Amino acid sequence: MAIGREKLKRSKRWVIKIGSALLTNDGQGLDLEAISRWVDQIAALKASGLEVVLVSSGSVAEGMTRLGWDSRPHEVSKLQAAAAVGQMGLVQAYEANFRRHETHTAQILLTHEDHSNRKRYLNAQATLKELLALGVVPVVNENDTVVTKEIRFGDNDTLGALVANLVQADALILLTDQKGLFTADPRYDPGAILISEARAGDEALEAMAGDGGKLGRGGMATKVRAAKLAARSGAVTVIASGREDDVLLRLRESEQLGTLLVPEKEPMVARKQWIAGHLQARGTLVLDEGAVKALRDRGKSLLPAGVRSISGDFSRGEMVIISDEYGRIVARGLVNYGVEDAQRIMGKASRDIESVLGFMGEEELVHRDNLVLA
Ligand SMILES: Nc1ncnc2c1ncn2[C@@H]1O[C@H](COP(=O)(O)OP(=O)(O)O)[C@@H](O)[C@H]1O
Ligand SMILES: N[C@@H](CCC(=O)OP(=O)(O)O)C(=O)O
């Protein structure tokens, strides 16, 4: 299975998640020196052509320090307040460090619901992809002001996996305070052995993975589950120690560090099933011959110009069937416009979208990344 590690060298897009256990000096605010080292590595990765989305915890820990609290509060509203205060310090630290590399950062606060709501999903996806295209490093955290469940469990691993699905990352890198997943929690079992490679979703892993420390609380259990979620869109997951020198650069060179969790299915197959499993199709777009060829033979997105007729009742973000003029299914995909807008721009050039609708959304009716050929 060395192929999995080899893929890290060739991959184009990573989601890197840095956990609470690692970001803080024993709960005393943020470890600014460590942040500066990770940022240097990410800048080097970017320079080598890799796109990176950063998912960073640490807002609660930093907020606690700023507010002068020594122990993690139990009341959810206090946790939320600490997260809101600490998030300022967190983004400040990343912004200042990336500025040394003349790289812009962007703050993105998401909730799990943003991933299950179709419209918000596409909105978040469009923003993240635009930021990546602009060379910006998005810094993502949970929007703790508007959720309670996630902050109680302190789990950004799931968020990392959902973001990996959202941007169709090749890899999800979970940096934590242990060298990887061990056969048992090494805090309690000194004889535990590091697992170098396994299959994401292997149930045996769940039995080995325990919960986390006093700050980061999801532990390995949420990391193992995150790997399974990331595998849905074909991403490999690596669990590794953020304290290891040049860990990110060495992973990029396919060095055998940490635990690699490989999807059971090939990325294309996994992605296909993942998109197809999203929802029931709500409508049909019938294409002209040129558009069918563009999709099938040239790997293009579907533009409004190539659509001849539309049926069904769908909203932005829902699944539609894409067929040729003889009713043969060509593809399935998540549509960028609701049925009324889609009907108005059908057959038109993308440059006319704004004058027809009064606003400019995406130029594609269905983006290639959200489309699977039949
Ligand atoms: N099988 C295991 N292998 C390694 N670490 C484990 C295992 N089971 C539980 N853990 C614990 O998980 C912790 C990391 O999770 P957590 O504290 O949530 O970190 P983070 O904030 O980085 O997400 C480790 O400090 C470790 O004690
Ligand atoms: N969103 C919060 C809690 C997230 C959290 O701690 O997650 P994790 O790093 O997975 O243990 C924070 O940034 O502190």
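Asp144 is buried, with 23 other C-beta atoms within 10 Å. A residue counts as buried if 20 or more other C-beta atoms lie within 10 Å of its own, as exposed if 12 or fewer do, and as partly exposed in between, with C-beta atoms placed from the backbone. This is a predicted model, in which local features need pLDDT of at least 70, side-chain atom pairs count only at pLDDT 80 or more, and totals for chains, interfaces and linings use all residues. Residues are numbered from 1 along each chain as its sequence is written, and chains are lettered from A and ligands numbered from 1 in the order in which they are written.

The pLDDT is the predictor's confidence in each residue, from 0 to 100. The protein averages a pLDDT of 91, and 94% of the residues score at least 70.

Asp144 lies in the loop between strand S4 (137-142) and helix H8 (149-153). Helices (H or I, at least four residues) and strands (E, at least two) are DSSP runs, numbered from the N terminus. Apart from neighbours within four places in sequence, Asp144 is in contact with Ser59, Gln80, Ala83 and Ile151; contact requires that the C-beta atoms of two residues, placed from the backbone, lie within 7 Å.

The UniProt annotation "binding site", from an unreviewed entry, covers Ser57, Asp144 and Asn156. UniProt positions are given in the numbering used here, feature names are shortened, and annotations may be inferred rather than shown by experiment. These residues span 100 residues in sequence, yet no two of their C-alpha atoms are more than 11.0 Å apart, so they gather at one spot. Ser57 sits in the loop between strand S2 (51-56) and helix H4 (59-67). Ser57 is buried, with 29 other C-beta atoms within 10 Å.

Next comes strand S5 (residues 171-176), where six of the six residues are buried. On one side these are Ala171, Ile173 and Leu175, and on the other Leu172, Leu174 and Thr176. S5 pairs with strand S1 (residues 13-18) in the parallel sense over five bridges; strands pair if DSSP finds at least two bridges between them. Val15 has Leu172 in S5 as its bridge partner. S5 also pairs with strand S7 (residues 236-241), in the parallel sense over six bridges, and Thr176 stands opposite Ser241 in S7.

The protein is divided into domain 1 (2-272) and domain 2 (278-373), with bounds from an automatic or database domain assignment. Eight residues of domain 1 are in contact with nine residues of domain 2. On the domain 1 side, helix H7 (118-133) and helix H13 (267-276) each give two or more residues. The largest share, five residues, comes from H7.
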